[in-house]
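The sequence and structure come first.

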Amino acid sequence: PTNTAPLDEETLAAIRARHPDFSGETPLEARYWSERDVDRYFASGGQRWPCELGERHNGRTCVLLRQLRLHLAERRVSDVPACYRALCRHLAEADFARWCRLG
């Protein structure tokens, strides 16, 4: 099972400490990534962002959006809230593909 709880500051700091050459900022959204994705991000010098593109996802997604969908399903929300539509629109306008560095 995947841990869906956001990472705390101590965990992020511990992962970052393993990469003393990393000089960038820790993205705010990193708390919603897996520890493995955070580790890869720091190891790459901030060049390799997490990506969940692939057949099993049937499109673009991320941990935060997955958590939002789960939350809505648990509350049996059948209509898409305006804030979720706005977030999806923002991600599309912000070129969501930049979050994915395959290879």
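Arg 18 counts as exposed, since its relative accessibility is 53% and the cut-off for exposed is over 50%. The model is a predicted one. Arg 18 forms a salt bridge with Asp 39, with 3.1 Å between the closest N and O atoms. Because Arg 18 lies in the loop between H1 and H2 while Asp 39 belongs to helix H2, the pair ties together parts that are 21 residues apart in sequence.

Asp 39 has a relative accessibility of 25% and counts as partly exposed.

How many salt bridges does a search of the whole structure find? The search finds two. Besides the pair of Arg 18 and Asp 39, there is a salt bridge between Asp 37 and Arg 40, whose closest N and O atoms are 3.9 Å apart. Both Asp 37 and Arg 40 lie in helix H2, three residues apart, which is about one turn of the helix.

Asp 37 is at 15% relative accessibility and therefore counts as buried, the cut-off being under 20%. Arg 40, at 28%, counts as partly exposed.

Helix H2 spans residues 35-43, and its buried residues include Asp 37 along with Val 38, Tyr 41 and Phe 42. These residues cover an arc of only 135° around the axis, so they are on the same side of H2.

The face of H2 turned away from the buried side carries the exposed residues Arg 36 and Ala 43.

Arg 48 lies in the loop between H2 and helix H3, the latter covering residues 63-74. At 32% relative accessibility, Arg 48 counts as partly exposed. Between Arg 48 and Val 38 there are 9.4 Å in space, C-alpha to C-alpha, and the two residues are ten apart in sequence.

## A negative surface patch

Which residues form the negative surface patch? Asp 8, Glu 9, Glu 10 and Glu 35 form it. Glu 9 is placed in helix H1, which runs over residues 9-17. Glu 9 has a relative accessible area of 60% and is exposed.

Methods. Residues are numbered from 1 along each chain as its sequence is written. This is a predicted model: local features need pLDDT of at least 70, side-chain atom pairs count only at pLDDT 80 or more; totals for chains, interfaces and linings use all residues. Side-chain values use heavy atoms; hydrogens and water are left out. Patches are made of residues with over 30% relative accessible area and no salt bridge: like charges are joined within 9 Å, nonpolar side chains (Val, Leu, Ile, Met, Phe, Trp, Tyr) within 5 Å. Accessible areas come from the Shrake-Rupley method with a 1.4 Å probe; for residues, only the protein chains shown count as cover. A salt bridge is a side-chain nitrogen of Lys or Arg within 4 Å of a carboxyl oxygen of Asp or Glu. Lys and Arg count as positive and Asp and Glu as negative; His and the chain ends are not counted. The place of a charge is taken as NZ of Lys, CZ of Arg, CG of Asp or CD of Glu. Helices (H or I, at least four residues) and strands (E, at least two) are DSSP runs, numbered from the N terminus. Buried means under 20% relative accessible area, exposed over 50%, partly exposed in between (1.4 Å probe, protein chains only). The arc is that of the directions from the helix axis to the C-beta atoms.
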